[in-house]
Structure formats: structure tokens, C-alpha cells
2 protein chains.
Amino acid sequence: MPRLEKDEAAVLLDRFRRYLKDHHHPVTRQRDLVAEVVFLSGGHLSVEEIQRRLTDQGETVGLATIYRTLEVLVKSGLVRAHDFGQGFRRYEAMSTQADHEHLICVRCGRVDEFANERLERMLGIIADEQQFQHQRHRVEIYGVCRDCQRKDFTQ
Amino acid sequence: MPRLEKDEAAVLLDRFRRYLKDHHHPVTRQRDLVAEVVFLSGGHLSVEEIQRRLTDQGETVGLATIYRTLEVLVKSGLVRAHDFGQGFRRYEAMSTQADHEHLICVRCGRVDEFANERLERMLGIIADEQQFQHQRHRVEIYGVCRDCQRKDFTQ
DNA sequence: TTGCCTGCAAAGTATTTGCATAACA
DNA sequence: TGTTATGCAAATACTTTGCAGGCAA
């Protein structure tokens with residue numbers, strides 16, 4: 001599971017600040033805080049989880065501001081939005097790592113990642129065959145994660 | 001693009017009626033109407049589109065009833081629900097055809113299908129490698145469809 | 001100083017639920 | 001006749017928007 005290093009989070013945060021400046025958007029305390037939480041986590045956070053982490057840090061940022069900051073982060077290309085069909089979105093830092101896809105546990109909701117070059121290539125070829133101009137794709141495998149399989153045995 | 005034949009729609013409707021009877025759920029006019037629209041279309045309909053088609057037929061079915069009927073249809077296994085990240089769900093008849101994946105046009109929202117056995121096999125293997133118990137998956141390719149590419153040229 | 005940001009509350013969108021009435025078996 | 005469905009309206013969950021006041025450049 002690729003978790004972002006503290007160094008990488010710092011790099012991303014720097015890029016975000018530069019992005020804001022380049023686009024004449026003020027760099028504010030709230031934007032910094034939200035971005036930092038997403039970059040440091042490296043996981044797939046919901047807005048609720050982001051707000052909880054901020055609260056745990058003793059910071060208060062309004063929900064609307066979190067949503068608005070995430071919008072900017074997505075536009076900047078530093079964060080990616082996901083909809084895993086759970087009724088809300090999840091946000092993920094776009095580190096320098098390669099493209100990856102997701103494994104979603106239907107029991108516990110945990111989201112893991114995997115990367116597979118052959119798969120990526122195959123999708124490009126399939127799109128070509130259909131004369132479809134490929135931009136991006138989404139591959140999600142739903143099932144039971146290792147931990148939840150273990151629980152089946154225990155019980 | 002596999003569109004369902006009228007005959008196949010009739011078969012599916014029959015199965016749905018039997019499913020209702022087997023589960024001691026009344027077969028009502030509204031359930032019949034909603035199921036028929038989905039089975040005959042063969043596409044990927046939103047609830048709004050389903051209601052519009054019913055209205056066009058001169059039938060009035062309440063929104064809540066459409067949602068409740070779709071829930072039963074999904075439980076019966078005759079219809080599949082999709083979330084293509086457009087802010088609402090789409091529903092598709094599960095014909096006898098093989099598993100397939102989707103191509104979603106980011107311009108016009110059109111949804112096309114493709115089937116690829118090698119891809120299906122590869123996903124099973126990837127899940128195994130990750131010790132993940134594969135149940136189902138979702139592969140979506142986002143980009144520009146043939147028609148919208150053509151429009152680029154014209155303009 | 002000027003303009004964009006923030007937080008609150010209100011609005012919005014897709015979907016679900018409660019309840020009185022109506023339809024199926 | 002006894003369930004269960006239906007339709008309306010209200011509720012819900014997540015997200016977006018309007019606006020008055022507050023920071024960043």
C-alpha cells in the first residue's frame with residue numbers, strides 16, 4: 001500500500017501553494033490545512049474524515065470551505081476525486097507514483113490499490129478498437145479483503 | 001451496441017412476474033410498466049428518463065414507485081444499477097448476454113459497451129495475486145465517443 | 001485598498017420514508 | 001378480506017450557493 005512520505009506531502013503542499021499564487025488565488029490557512037491533511041494521509045478520505053482529522057488537530061474549518069478547497073485541489077491536478085458508489089466522494093493525493101486501480105472491500109469498505117501495466121495497456125488498445133478517444137479510466141474490483149476473509153475463519 | 005429484442009424483453013418481463021409471485025409480491029400495473037421500459041430500452045436509463053418514457057406513453061407512475069420497483073428489479077437480478085459519477089444512478093437490463101464493461105463519453109454522456117474475455121480473466125488473476133476474494137468488478141473508460149470526435153472536425 | 005475567502009445558513013439534487021388510500025391475490 | 005403497493009409530501013444525505021464580514025496581496 002503506497003503511503004506518502006512526509007517529504008512528499010511537503011512537496012505537494014509546495015506545489016499547491018505555487019498553483020494558488022500562479023492563479024492569483026490567496027494562500028489561506030484553511031486551504032493549507034485541508035491540503036495538508038489530504039497529502040499526509042495518502043489514503044482515500046471522505047469529506048467527513050477530513051473534517052474529523054482537522055477537528056482532532058484542534059482546527060475548525062467549515063464544511064463549505066473543505067468542499068471548495070477540494071475543488072481547487074482537483075483542478076490543480078494534485079488531488080483526484082473518486083466515487084466508489086458509497087453515496088459520497090473520496091479524495092486521494094496524486095503522488096508521483098504510477099497509475100493505479102482500486103480494490104474495494106464490500107464488508108469493511110477498505111480501499112486498497114494495485115498497479116498493473118499490462119492492464120493499462122490493454123485498456124488503451126480496447127478503446128482504440130472501439131474508435132473511442134481514451135482520456136482516463138477506472139477499474140474497481142469489489143470483493144472481500146484479506147482481513148475480512150480471515151474473520152470468516154475465526155468465527 | 002447490443003440492444004434487446006422485443007422477444008427478450010418479453011422473456012425478462014415474464015421472469016420478473018414469476019419472481020414477484022415466488023416472493024409473494026403483488027404483480028401491479030406500475031411494476032409491469034417500469035420493468036417493461038427498462039427491458040425494452042436495453043440501454044442505461046436514469047430514473048428521470050424512465051419517468052419521461054412513461055409519461056410519453058401516457059402513463060403516470062410516482063417517482064417513489066419507480067425507485068421502489070427498481071430496487072426489486074435489482075434484487076431479482078434482472079436489472080443492474082450503475083453509478084457513472086454523474087450524480088445519479090443508471091439502470092440496465094441484464095440480458096442473457098455476456099459480461100461487458102462501459103465506455104462513457106465525457107462530452108455527451110453516451111454510454112457504450114464492450115466485452116473482452118482477456119480483460120475479465122486478467123482481473124481475476126490480479127485479485128488472486130492480491131489475495132482479494134473477487135466478487136465483481138467495474139471497468140469504465142472515459143473519453144470522447146466517435147460522434148463527438150467527428151463534431152470536432154466539423155467545427 | 002481591493003478582491004477573493006470564510007463560515008453560516010439556506011438551497012439544491014437524487015433518493016428514501018411515513019402514512020392514508022388503493023389495488024392485488 | 002387481508003396484505004402489500006401506491007402516491008404524495010416530508011425527510012434525508014451529501015453537496016453547492018448566497019451573503020455579510022474577514023483576511024491575503
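**View 1. The hairpin of strand 4 and strand 5 of chain A in a predicted model.** Five residues lie between the strands of this hairpin, and A:Gly109 takes a positive phi near 80 degrees. Strand 4 (residues 101-105) and strand 5 (residues 111-114) of chain A pair in the antiparallel sense, over four bridges. Two strands count as paired if DSSP finds at least two bridges between them. Helices (H or I, at least four residues) and strands (E, at least two) are DSSP runs, numbered from the N terminus. A:Ile104 has A:Val111 in strand 5 of chain A as its bridge partner.

**View 2. Strand 4 of chain A beside strand 6 of chain A.** Strand 6 covers residues 133-144 of chain A, and its pairing with strand 4 of chain A is parallel, over four bridges. Here A:Cys105 has A:Gly143 as its bridge partner. Strand 4 of chain A is mostly covered, with five of its five residues buried. Buried means under 20% relative accessible area, exposed over 50%, and partly exposed in between (1.4 Å probe, protein chains only). A:His102 and A:Ile104 point one way from strand 4 of chain A, while A:Glu101, A:Leu103 and A:Cys105 point the other way.

**View 3. Helix 2 of chain A crossing helix 4 of chain A.** The axes of helix 2 (residues 29-41) and helix 4 (residues 63-76) of chain A come within 10 Å and cross at roughly 70 degrees. Helix 2 of chain A is therefore roughly perpendicular to helix 4 of chain A. Axes are lines fitted to C-alpha atoms, for helices over the stretch in contact, and angles run from 0 to 180 degrees between N-to-C directions. Angles under 35 degrees count as roughly parallel, over 145 as roughly antiparallel, 65 to 115 as roughly perpendicular and the rest as oblique.

**View 4. Residues where helix 2 of chain A meets helix 4 of chain A.** Helix 2 of chain A brings A:Gln30, A:Arg31, A:Val34, A:Ala35, A:Val38 and A:Phe39 to the contact (heavy atoms within 4.5 Å). They meet A:Thr65, A:Ile66, A:Thr69, A:Leu70 and A:Leu73 in helix 4 of chain A.

**View 5. The open sheet of chain B.** Its three strands have the order 1-3-2, with antiparallel pairing. Strand 1 (45-46) and strand 2 (79-82) of chain B are the edge strands, each pairing on one side only. Four bridges join strand 2 to strand 3 (residues 90-93) of chain B, and B:Tyr91 is the bridge partner of B:Ala81.

**Notes.** Residues are numbered from 1 along each chain as its sequence is written, and chains are lettered from A and ligands numbered from 1 in the order in which they are written. In this predicted model, local features need pLDDT of at least 70, side-chain atom pairs count only at pLDDT 80 or more, and totals for chains, interfaces and linings use all residues, while side-chain values use heavy atoms, with hydrogens and water left out.

Conventions. A crossing is left-handed if the near helix is turned anticlockwise from the far one by less than a right angle, and right-handed if clockwise.
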